[in-house]
Amino acid sequence: MTGARGAGAASRASLSAWRDWRSWPESLSSLWRRSLRFRTILVTLALTALTILVACVWMGLAVQNDLFTSRKDQVLTYAARATEAAQLTLDNAVVEGDPVQLETLLNTVARQLSQQSSSDSFAVTRIADGPSPIAPPDIFSGALSVEENDLVSDGLRTAVRGKSDAQWWQSVSLPTADGTAVPGIVVGQQLQVPEVGAYELYLAYDLGSAPQTLGFIQGTLWVVGVALILLVGAISWFVLRSVTTPIGEAADTSAKLAAGELGVRLPVRGEDELATLGRSFNAMADSIESQIKELAELSLVQQRFVSDVSHELRTPLTTIRLAADMINDRRDEFDPATARAAELLNAQVQRFETLLTDLLEISRYDAGSVQLELEPTSLAHLAEDVIASMSTLAEQHGSDVRLVAPGGYSPVDMDPRRVRRIVRNLLGNAIEHGEGRPIVVTVDSNQAAVALSVRDFGLGMTAVDVERVFDRFWRADPSRKRTIGGTGLGLSIALGDAKLHNGELTVWSELGRGTNFLLALPRTAGRAPDPSPLSADEGHDSPAAIDALGLTQPIVLPVIDAPATGGRQ
């Protein structure tokens with residue numbers, strides 16, 4: 001039953017596609033662009049059809065002309081032979097001026113003409129130079145009647161009367177018994193009747209069999225032409241299949257190799273050029289697989305090295321941290337220089353510990369061992385908590401951080417620790433590089449995603465900086481100056497956290513206009529956050545956001561021509 005239902009559904013889908021004829025041009029155009037076999041066969045069939053069409057037309061015309069010429073020559077030969085025989089009979093006859101004998105002689109000649117000329121339509125008429133009491137009457141037979149049917153033109157009669165020893169002919173349309181007409185030829189010549197004078201002799205020949213023969217030949221030519229087109233198409237398909245099938249296999253194998261299936265290889269058959277291509281491709285694939293495995297092993301060694309070093313540094317770092325804390329707690333007992341050294345030692349040990357933690361996190365991402373701990377969390381409430389926790393740092397830099405949250409309050413499954421780390425990193429960067437100007441944190445949501453943007457109005461970045469802002473340890477400032485202890489791995493880890501949620505982390509920035517980072521997370525796990533309720537570059541001057549903050553005057557941003565003095569971390 002399931003198979004029957006599947007077959008019925010497939011039939012209905014096929015019928016629906018067949019009825020949708022309006023999509024045929026687009027489908028054929030797509031097939032023309034994508035299929036070398038279809039394109040080659042179509043061009044081959046078109047050129048073959050054109051060649052056969054020209055050949056058939058030329059052969060048909062040649063056969064038609066040759067058929068008419070041969071039939072005409074045959075008719076003229078029959079007519080000349082019959083006329084000579086009739087004239088010989090007339091020349092040998094002795095009538096002695098008897099009109100009855102003349103009439104009997106002319107009737108005998110008429111019967112002889114009918115037998116020897118292969119025509120049952122003839123006319124014998126006197127060329128009148130004047131009345132003659134012994135001249136026999138004119139004779140008409142079959143479809144040929146000069147007086148009634150007017151099949152013999154005046155031009156032919158004039159030509160026959162003009163020369164007694166010449167044979168003339170013309171093409172005519174002969175009537176048949178059923179009222180139709182067939183092509184024919186009328187042949188004219190003079191006969192000399194003794195004691196009477198010259199008579200006009202006209203013989204009509206039916207050429208109706210010639211069109212039938214011509215139609216049969218032309219029909220045969222067209223049938224042979226169509227058969228040749230189909231045969232050429234079949235041969236082209238077979239030849240192209242033997243060539244394009246290995247090419248298609250090579251394309252599919254290349255796609256699989258590009259997708260990461262390093263073990264795929266091309267089947268090699270024979271010793272021809274395609275076999276050489278297959279062996280070369282397989283050798284290249286072997287080399288690529290070997291190099292990739294070497295690089296993977298090297299990367300694995302590096303990852304293990306970073307992870308092992310980070311783990312091994314934890315114990316001595318903990319000891320150093322305890323000692324640094326103890327020394328820093330008693331710095332009031334030291335002289336100013338030693339106290340300052342104790343403060344610097346404590347700060348750098350803390351930074352070293354943060355760097356070590358980030359390196360361990362990066363090594364987990366590289367090893368693919370990071371796991372999410374999903375909890376229903378409100379992104380708007382999470383942003384409020386992060387802003388509250390970083391309010392002291394914002395006050396120290398003179399930045400006014402405001403939250404605009406028209407949406408994002410409903411809980412969404414996410415790892416709150418990692419998302420909180422993303423928001424803290426984005427907000428920390430905005431505070432450090434915001435030049436003391438207001439910072440707008442916007443949270444919104446729709447049916448597909450929740451999004452958070454952090455917009456500052458600080459120095460901004462160039463297009464080149466924007467392209468590299470998520471690179472590890474990269475900073476726009478060559479001096480690598482940091483004021484809040486960043487490690488240079490924060491944005492790289494934030495991007496990893498976003499991708500781990502199947503989300504997106506994008507950025508817009510311009511020099512003198514500030515920067516806007518956008519985090520978009522899907523509401524449903526496994527789906528892309530599309531469409532996002534916010535855009536990274538939408539309203540980059542942020543008049544709506546500034547109004548939502550309740551500020552009485554808009555922010556006027558001066559254009560800064562100097563390069564940025566700090567980078568994102």
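Which residue in β10 is the bridge partner of Val440? The legends below get to that; first, some ground rules. This is a predicted model, where local features need pLDDT of at least 70 and side-chain atom pairs count only at pLDDT 80 or more, while totals for chains, interfaces and linings use all residues. Residues are numbered from 1 along each chain as its sequence is written, and side-chain values use heavy atoms, with hydrogens and water left out.

**View 1. A mixed sheet runs in the order β7-β9-β10-β12-β11.** Its five strands form an open sheet (strands are DSSP runs of E, at least two residues, and helices are runs of H or I, at least four, both numbered from the N terminus; two strands pair if DSSP finds at least two bridges between them). β7 (401-404) and β11 (504-510) sit at the edges with a single partner strand each, so one side of each has no neighbour in the sheet.

**View 2. β9 meets β10.** Strands β9 (residues 439-445) and β10 (residues 449-456) run antiparallel and are joined by six bridges. Here's the partner of Val440: Arg455.

**View 3. Helix α13 packs on this sheet.** Residues 490-500 make up α13, which touches β11 and β12 (514-522) (contact means heavy atoms within 4.5 Å). The directions of α13 and β11 make about 140° (axes are lines fitted to C-alpha atoms, for helices over the stretch in contact, and angles run from 0 to 180 degrees between N-to-C directions).

**View 4. An antiparallel sheet runs in the order β2-β1-β5-β4-β3.** This open sheet has five strands. Six bridges tie β1 (residues 121-126) to β5 (residues 197-206), with Ala123 partnered by Tyr202.
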